[in-house]
Amino acid sequence: MNVQKKLEILADAAKYDASCASSGAKRKDSSNGKGVGSTGGVGICHSYTPDGRCVSLLKILLTNVCLYDCHYCINRRSSNVRRARFTAEEVVTLTLDFYKRNYIEGLFLSSGIVRSADFTMEQVVLVAKTLREVHDFRGYIHLKTIPEASDELIAQAGKYADRISINIELPQQESLKELAPEKNIHRTREAMGHIREKISEYAPRNAPAFASSQSTQMIVGADASNDSHFLQLAGDLYGDFKMRRVYYSAFSPIPDASVRLPLKSPPLIREHRLYQADWLMRFYGFKASEITTKEQPNLDLDIDPKLSWALRNRAFFPIDLNKAALEILYRIPGLGVRNAQRIVAIRRHTKVRISDLIKIRVSLKKCLPFIITADHQPANYELDPEKLRAIYAPQARQLELDFTAIQVPKKEVIGGEF
Ligand code: SF4
């Protein structure tokens, strides 16, 4: 099989991995193998480096042959797909070739598991090592590591990569046992802990001797886990392992799917709400345990999780914008981090009024029932959570409608001000 054919198969096989943050890039159909050099060419995706730059990456698998049988994965042992395998040398040559032609700025390399976790990891490391040491490659490298591989090999991967990631895939061990019997959540966390130690060890030296961050991906809707399971785990990963990003990838039925999987994807809005909740944990000071409750372990699909929290905690409001601490301002629906900071800056000089909020483009529709300003006090009827929810939630839909068709509202941007 020639390299172009392998590239088609192994780039296509890599597209299900969201942990390189490529999901925001506009994709073109790469199945005909054309379009190299555009954002959607064979195996080329967009990603974000740890310092926030957007880069084009060659996103491929070393091989889609795999010993494991993860039911949610198209490359699993029992799947009937075309298989291919690059040699380490072929990946190095492809990367350099694309890089020199300015098609890409880096490489995202993952792999199915051949022979053993250690053997596979050695091959992945060999690619990165050859690029860095033999060809003095200065581009971005993101390596997907295998938790079952030895700590020594994972450490070597970190030595050559800018970012490394291990996909935790499902938030509960029982689900893994059912759908990915060879994987173990405890071993994955152990490996993440090891990476975290290495990152911390090298970070103060300010030398690029180890990857600067790690990320992971979880699949949403392949098992019975609720949103609380996802968010609790994500909260732990951010806290315990200083995870840079947790990606939530809505499960989509794959060709030749296992019978253990649901027939339908979860509504896309669920993935969107999880990203919003994740954003609340990372930037707004919310804990996972505040975002969902025992009674409501799943996020409200009709309204964003911050508004949902505010409606459950109506006694917390209204908040006086002229007095409240910054962390309290972060809790107001419709008020993002930047605008909360702007309000604190404004009130150093003058009393905050509605006209100030208009100037900084605060979403007044969302905000007003929750705030007090020098010239505004919410009316009593606005304090009723049920009435408020009715204002913000979309109109009720008939039960026979297909809820998988609910799309993410265009104006809502993941991680935006909300
Ligand atoms: S280890 Fe599991 S998820 Fe990874 S390639 Fe193999 S079957 Fe797919």
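A residue is taken as buried if 20 or more other C-beta atoms, placed from the backbone, lie within 10 Å of its own. The structure is a predicted model, in which local features need pLDDT of at least 70 and side-chain atom pairs count only at pLDDT 80 or more, while totals for chains, interfaces and linings use all residues. Residues are numbered from 1 along each chain as its sequence is written.

Threonine 145 lies in the loop between β4 (140–144) and α4 (151–160), helices (H or I, at least four residues) and strands (E, at least two) being DSSP runs numbered from the N terminus. With 29 other C-beta atoms within 10 Å, threonine 145 is buried. Contact requires C-beta atoms, placed from the backbone, within 7 Å; beyond its neighbours within four places in sequence, threonine 145 is in contact with Met121, Ile154, Ala157, Ile164 and Ile166.

Ala157 is also among the residues with the most contacts inside the largest nonpolar core, together with Leu10, Leu109 and Ala128. This core of 102 residues is a set of buried Ala, Val, Leu, Ile, Met, Phe, Trp, Tyr and Cys residues joined through C-beta atoms within 7 Å. Helix α3 (residues 117–134) gives the most to the core, with seven residues. Outside the four places in sequence on either side, alanine 128 is in contact with Ile141, Leu143, Ala157, Tyr160 and Ala161.

Leu10 is one of the buried residues of α1, a set that also includes Lys6, Leu7 and Asp12, and the buried residues of this helix pack against β2 (54–61), α2 (88–100) and β3 (106–110).

How values were computed. A residue is buried if 20 or more other C-beta atoms lie within 10 Å of its own, exposed if 12 or fewer, and partly exposed in between; C-beta atoms are placed from the backbone. Two residues are in contact if their C-beta atoms, placed from the backbone, lie within 7 Å.
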